Amino acid sequence: MSERDDIYQTLPGNVSDFRFDAAVARVFPDMIKRSVPGYAETVAMSGIIAGRYARDNTHLYDLGCSLGAVTLAMRHGVRAAGCKIIGIDNSESMVERASHHIALDDSSLAGTAVDVELACADILSYPLANASVTALNYVLQFISPEQRLALLKQIHDATIPGGVLILSEKLCFGDEEQQVQDALHLDFKRANGYSELEIARKRSAIENVLIPETEQAHIDRLYQAGFRQVVRWYQCFNFVSFLAIK
């Protein structure tokens, strides 16, 4: 069971840049549920999307898989035969905990589960191939902007015709809308029990690590990467999910 996120309540001294380390892995489910509005819906719908777009004998990728929530949602949504789901994350602590969740799921499905492989690796250099569905949920925002197009092109090129990319991101907006969205997001965190101190310290830790972009920047880049259609299928405050179809 996940522990409650108290990292920025108890952290001593100066706040360093945010990292997906063992401390974050320990509280990650609670952290993301209380910090990212709509996260549960994004996970669940990733499974629904995988059920529609997965094709027989193809790969499904969960890039930046963290603890494997989307990996498991896709696993339970897939109806195609002979698929393999590959979850990749560069945090050893995340992959270790994800392995435990996958093992529990293996035992509950008694040999009927879609095959899952986990890798502790850099998604920027991991070789992708024969993909029908790829999930990139709240990950691109942590990658330097100059590397984002190359990653999306790599995903596109590895995707079969008719395959899809699920892309979820935090957005930035024009000044007036940004004020509204920021206020609503802060209210969401307060409603979920974060103190003003925790909110301020988390913001300090993440502001140089998570670099959001506008909706149009994401859409333009997806088309530039080669996808033929981009659909915004979900938004909750300043968090959005796109479906890019090859």
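Which helix gives the largest share of the lining of the largest pocket? The legend to View 1 answers this.

This is a predicted model, in which local features need pLDDT of at least 70, side-chain atom pairs count only at pLDDT 80 or more, and totals for chains, interfaces and linings use all residues. Residues are numbered from 1 along each chain as its sequence is written, and side-chain values use heavy atoms, with hydrogens and water left out.

**View 1. The largest pocket and its lining.** On a 1 Å grid over the protein atoms alone, a pocket is an open set of points with protein on both sides within 12 Å along at least five of seven lines, and lining residues have an atom within 4 Å of a point. The space in the largest pocket is about 1,100 Å³, a volume being the space filled by probe spheres set on the points, which are joined across faces, edges and corners. Its lining has 45 residues, and Phe20, Gln141, Phe142, Ile206 and Leu210 lie nearest the centre. Two or more lining residues come from each of helix H2 (22-35), helix H4 (69-77), helix H7 (175-191) and helix H8 (196-206). H7 gives the largest share, five residues. Helices (H or I, at least four residues) and strands (E, at least two) are DSSP runs, numbered from the N terminus.

**View 2. The hairpin of S6 and S7.** Strand S6 (residues 229-236) and strand S7 (residues 239-245) are antiparallel and pair over seven bridges; two strands pair if DSSP finds at least two bridges between them. Gln229 stands opposite Ile245 in S7. Two residues lie between the strands, and Phe237 in the turn has a positive phi of about 55°.

View 3. Buried means under 20% relative accessible area (1.4 Å probe, protein chains only). In H9 (residues 215-225) the buried residues are His218, Ile219, Arg221, Leu222 and Ala225. Gly226, with a positive phi near 120°, follows H9.

**View 4. Ser46 in helix H3.** Ser46 is found in H3 (residues 39-53). Ser46 counts as buried because its relative accessibility is 0%. Leaving out residues up to four places away in sequence, Ser46 touches Val70, Met74, Asn137 and Ile166, where contact means heavy atoms within 4.5 Å.

Definitions and conventions:
1 Å grid on protein atoms, 1.4 Å probe; cavity = no way out; pocket = protein on both sides within 12 Å on 5 of 7 lines; lining within 4 Å. Buried < 20%, exposed > 50% of the residue type's maximum accessible area, 1.4 Å probe, protein only.
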